[in-house]
Amino acid sequence: MRSLKDGLIFHVQSIKAGFRPPILAVNQLIHLYSKHHLLCESQKLFDEMPQRNVFTWNTIISAYIKSQNLTQARALFDSAPDKDVVTYNSMLSGYIGADGFETHALELFRGMQNAGGGVKFDEFTVTRMLNLCAKLSNLVYGRQLHAFMAKTGNDVSGFAVSSLIDMYSKCSCFRDVCMVFDGSGEGVDLVSKNALVAACCREGEMDMALKIFWREPELNDVVSWNTLISGYVQNGQMEEGFKLFVCMVENGVRWNEHTFGSVLSACSGLRCLKHGKEVHAWVLKNGMSSNSFISSGIVDMYCKCETMKYAERMHLASGSGNSFSVTSMIVGYSYQGKMVEARKLFDSLAEKNTVVWTALFSGHVKAQQCEAVLELLSEFRAKEGLVPDAVMLISVLGACALQAALNPGKEIHAYMLRIGVEMDEKLISTMVDMYSKCGNMTYAEKIFQHVFDRDSILYNVMIAGYAHHGHGTKAIQLFEEMVEKGFKPDAVTFIALLSACRHCGSVEMCEKYFKSMTDDYNILPERDHYGCMIDLYGRANELEKAVEFMKRIPIELDAVILGAFLNACRLNRNAKLAKEAEEKLLQLEGDNGARYVQLANVYAAEGNWDETRRIRNQMRGNVKKFAGCSWLYLKSGVHTFISGDTSHSKTKAIYFMLDSLTTELYEIARAFD
């Protein structure tokens, strides 16, 4: 009975003839029906059998395991009068292959050890248990199994060696991986070879992986190529992964969907639209665009390359039912700040996973839509319950920092403590940053002091917080502590450090640290570093030094540097030098109203009202003036106001209170006259 049709014909004919097929034939029918997902028919045949053998029980148990009904499979397993090694192996395989049944697998394995009737382990038993050890990263149990395999001679086949390599690799024992492979004999088995290449990739040993890959290259199959390409991509060597794909094509190896998945990830990582289009062309040429896995990868690639026009076309072509494609589109729109489009797709999903929720949170933060972030958090908690995901919490805390909303930030902190969120390095740094930007350096310091395993990012955040709030001495002391503990400062560290020195007014110290950037740490100064130095000279009334310093700046003077110089001119009341910088600054940012205001303030500080009026008239002709806006956070909401605003829901009460305060101020003023 090779086909379902043959099986059905045989079954019907035997019923019509009143013929009871032998056990072997019924077993074959049960197996055939289960293979074609006809589980009810398989169960009916099984129930009607007057006699059953071990193979019958094994067949029906396997049918339920394949349908992922492990509860019914276990009930049949327990009912089976006779069990052999295949019965146990089938049930073990079902438990190990499913998530959440690892304890059941361990208990069944122990039961197998104690079972009577001559049931003994075979190679499949121990290799499946090695897979479980790899899944659980249980090295102790894995070593015991290895010892048993060596003792019983079950450690020499390619299947056994590959399982041992996989187990030791996932338990982070790379030396044991190499020892197992070296001890497997001179002949290289393809399964073992592929397992070792995967282990090298997991360890980041890409040179070793490549060397093993090209050992006996005639053995390499599509799995070998896919493993190495994927390894390059996962280790950030995107260009090498793409080159290997080209080599794979040149060698005539037929690719599959996993190949394209890795290659498209490489194109996404490189942000290389040219390579991405080439892969897309390959897919179209080979008629694989209907594959949902590949089409969603192409959508994701176009999104990562910020070419949403192509991503939209591909998404429409792949069909709205492709949830992976929808997810990629939501991430892409969110990355570009197109939150209306992202939200529409988000609402179209029947089931929302962590990826799409996180994308929305990140997108709102990127677009500085802080109120939307807090509203989304309330929605998430209402629909999904707890928020254990650190990336989401980082986004929410980032929104609180942007808006200087201390109370919501404290509430999020309390919530994290209450549900026991694990505080990793990123979350701690974000928490410190939030408190410092919300003006509560006391809380920021407390969190920082309780962290013993600090990293350079946390130091940078704390130094920046001290600098922002004018605690220059503390910032400098913390920098010295950071260096003393062996952390290497980066460009961000020095921006915060120079800013702290600027607030202290210490020209010599600032010059010392600026020189140290290149001399001691080989860090090239950027525009913000130059801006800090110019601002420092302006605050110290050393405008001549600022002029000389600008002449030595190796990069083109931009709006940041010129803006800092204008501020220095204002502090030193030097309109002549400001005039020289004016033309170039307005060429760079002629549509930025803040630059006109800055120029006008320079002339006003010197009492040159004609120039002040000229700049303000020029501003009216070139810049659309935005109304000044004030805001405050009150009762879980942000309230914004502009001059003469009457749009607020409590406008009457606000203006009544304002009039009352104004009246009181006049009365106080009259009392002092």
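Let's start at Ser162, which sits in helix H10, residues 158-170. Helices here are DSSP runs of H or I, at least four residues, numbered from the N terminus. This is a predicted model: local features need pLDDT of at least 70, side-chain atom pairs need 80 or more, and totals for chains, interfaces and linings use all residues. Residues are numbered from 1 along each chain as its sequence is written, and side-chain values use heavy atoms, without hydrogens or water.

Is Ser162 buried or exposed? Ser162 counts as buried because its relative accessibility is 9%. Buried means under 20% relative accessible area, with a 1.4 Å probe and protein chains only. The Ser162 side chain reaches the backbone oxygen of Phe159 at 2.8 Å. Beyond four places in sequence, Ser162 is in contact with Val191, Ser192 and Ala195. Contact means heavy atoms within 4.5 Å.

Next, another serine. Ser436 lies in helix H26, residues 425-437. Ser436 counts as buried because its relative accessibility is 4%. Leaving out residues up to four places away in sequence, Ser436 touches Met441, Ala444, Gly465 and His469.

Now helix H16, residues 257-270.

At the N-terminal end, Asn256 caps H16. A side-chain oxygen of Asn256 lies 3.0 Å from the backbone nitrogen of His258. After H16 comes Arg271, with a positive phi near 55°.

Which residues of H16 are buried? They are Thr259, Phe260, Ser262, Val263, Leu264, Ala266, Cys267 and Ser268.

Last, the largest pocket. Its volume is about 440 Å³. Of its 21 lining residues, His11, Pro21, Val26, Leu45 and Glu48 are the closest to the centre. A pocket is an open set of points on a 1 Å grid over the protein atoms alone, where a 1.4 Å probe fits, with protein on both sides within 12 Å along at least five of seven lines; lining residues have an atom within 4 Å of a point. The volume is the space filled by probe spheres set on the points, which are joined across faces, edges and corners.

H1 (4-16), H2 (23-35) and H3 (39-48) each supply at least two lining residues. The largest share, 5 residues, comes from H3.

Technical notes
Expected span 1.5 Å × (residues − 1). Buried < 20%, exposed > 50% of the residue type's maximum accessible area, 1.4 Å probe, protein only. Polar contact = N/O pair within 3.5 Å; in protein donor to acceptor, adjacent residues only side chain to side chain.
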